[in-house]
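Q: I have a model open and want to learn how to read it. Can we take it feature by feature?

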Amino acid sequence: MNRLLSSLSRDVRQYLLVTFNYWNFTITDGALRMLVVLHFHALGYQSLEIAMLFLFYEFFGVVTNLVGGWIGARIGLSRTMNVGLAMQILSLCLLAVPSQWLSVPLVMFAQALSGIAKDLNKMSAKTSIKKLVSGEQRGRLYKWVAILTGSKNALKGAGFFIGGALLSLAGFRFAVLAMASVLAAVFCLSLLWLDKDMGKAKSKAKFSHIFSGQRSINILSAARMFLFGSRDVWFVVALPVYLSSVFDWSHSETGGFMATWVIGYGLVQGIAPKITGNQAGRLSAIAWAAVLLAVSVLVAMGIQWQWHPQFTIVAGLLVFGAVFAINSSLHSYLIVSYAREDGASMDVGFYYMANAMGRLIGTVLSGLMFGIGGLTICLWISSLFIALTVIISLALPGHHPQPHSSAT
């Protein structure tokens, strides 16, 4: 493998290493999410209680994205990526304790570590692409971001399936130990081969720059917050609990559907440039958000009127996932394109802070509103959030952004 990597150009080699690192982390992240939801639902926890298990995961994701970009600019993206891997391994080991020690505070603490780890890893991977593709190569930049993001989400879907299957076949403790072992091997490879100074800013990054001063990034971040809130308000807790309790699906069936959804979502993300065209911008972001709103409203109406509910959920949410994937890919491209050249991790970190805030809001509402009004009310809140995404996107710059050259 070392000889194969040596034969590739430096940029391609680093891109492949970052992607390999990100892929393996993502599988464990998706599997862990499904393991926790299904395991604690089987133990008798209510939807809001399950959502609270992820509260610190999402909250510390917000904090990590806010300061993680600054840290990445100071010490380099390879270091923040490796720290994320180490923290995920620690989180998994904490969850592998005997079942009688697996208390709610311990799970919340482990999820906090996992949330920090996930967003350090994601911020590092996404920002590294900015360093490997020049600002003039917009079509290539969009393509590389789409491939990284799409493949990551496809593998996260595989993680959902793996998590549900492992829980059914081997139990919670064995599953988390197996995932910790795989990540430990990846961590060793990452320490050996990743460029130590990748993504380190040339100028000294100031802490005050963690808050973006660019109007375009602030607007896109607000749109991203509501976009991801619209997904997680039904996806994180409400949907898997609904499938298990209302349709009486098994752990493997629930995990399999969630996996199919995310894999399909990731595959569409990967080909998004072919669907939208390489020169995507403001109009594309507005148009595809409007299409997503229409899909969300139709699914919510179908569930409220109980029109073939299983078909509506399965087919409707698969369509939702495909359109959502295009929206997400457009946003992922635009933030990397908008970000300044030197210290890009701070702009990307701020944007993913908004992304994490949307997930946090969606996660809490998913558990809370499902307990109040079931899946239907979650889907209507999702539609409201998407409508806000459309409105905010109208304020995006009408021209293609030109990246800033300095972090100062």
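Q: Which residues of α11 meet α14?
A: Contact means heavy atoms within 4.5 Å. Helices are DSSP runs of H or I, at least four residues, numbered from the N terminus. In α11, Phe-257, Thr-260, Trp-261, Tyr-265, Val-268 and Gln-269 make the contact. Their partners in α14 include Ile-313, Leu-317, Phe-320, Gly-321, Phe-324 and Ser-328. The contact residues divide into 13 nonpolar, five polar and no charged. Here Ala, Val, Leu, Ile, Met, Phe, Trp, Tyr, Cys and Pro count as nonpolar, Asp, Glu, Lys and Arg as charged, and the others, Gly among them, as polar.

Q: What should I know about the source of these values?
A: This is a predicted model: local features need pLDDT of at least 70, side-chain atom pairs count only at pLDDT 80 or more, and totals for chains, interfaces and linings use all residues. Residues are numbered from 1 along each chain as its sequence is written, and side-chain values use heavy atoms, leaving out hydrogens and water.

Q: At what angle do the axes of α11 and α14 cross?
A: Axes are lines fitted to C-alpha atoms, for helices over the stretch in contact, and angles run from 0 to 180 degrees between N-to-C directions. Helix α11 spans residues 251–270 and helix α14 residues 309–338. Their axes cross at roughly 35° and come within 8 Å.

Q: Which residues have a positive phi although they are not glycine?
A: Most residues other than glycine have a negative phi. Asp-248 has a positive one, about 60°. Asp-248 sits in the loop between α10 (238–245) and α11. His-308, in the loop between α13 (282–304) and α14, has a phi near 45°. Asp-248 is exposed (over 50% relative accessible area; buried is under 20%, partly exposed in between; 1.4 Å probe, protein chains only), at 64%. His-308 is exposed too, at 51%.

Q: How many aromatic pairs are there?
A: A pair of aromatic rings is described by the distance of the centres and the angle of the planes. Rings of Phe, Tyr and Trp (its six-membered ring) pair if their centres lie within 6.5 Å; planes under 30 degrees apart are stacked, over 60 edge-to-face, the rest tilted. The count is 18. Phe-59 and Phe-60 have centres 5.3 Å apart and planes at 80°, so they are edge-to-face. Trp-249 and Phe-257 are edge-to-face as well, at 5.9 Å and 75°. Both Trp-249 and Phe-257 are buried.

Q: Which residues form one aromatic cluster?
A: Phe-160, Phe-228, Trp-234, Phe-235, Trp-261, Tyr-265, Phe-320 and Phe-324.

Definitions and conventions
Helix = DSSP H or I, 4+ residues; strand = E, 2+ residues; numbered from the N terminus.
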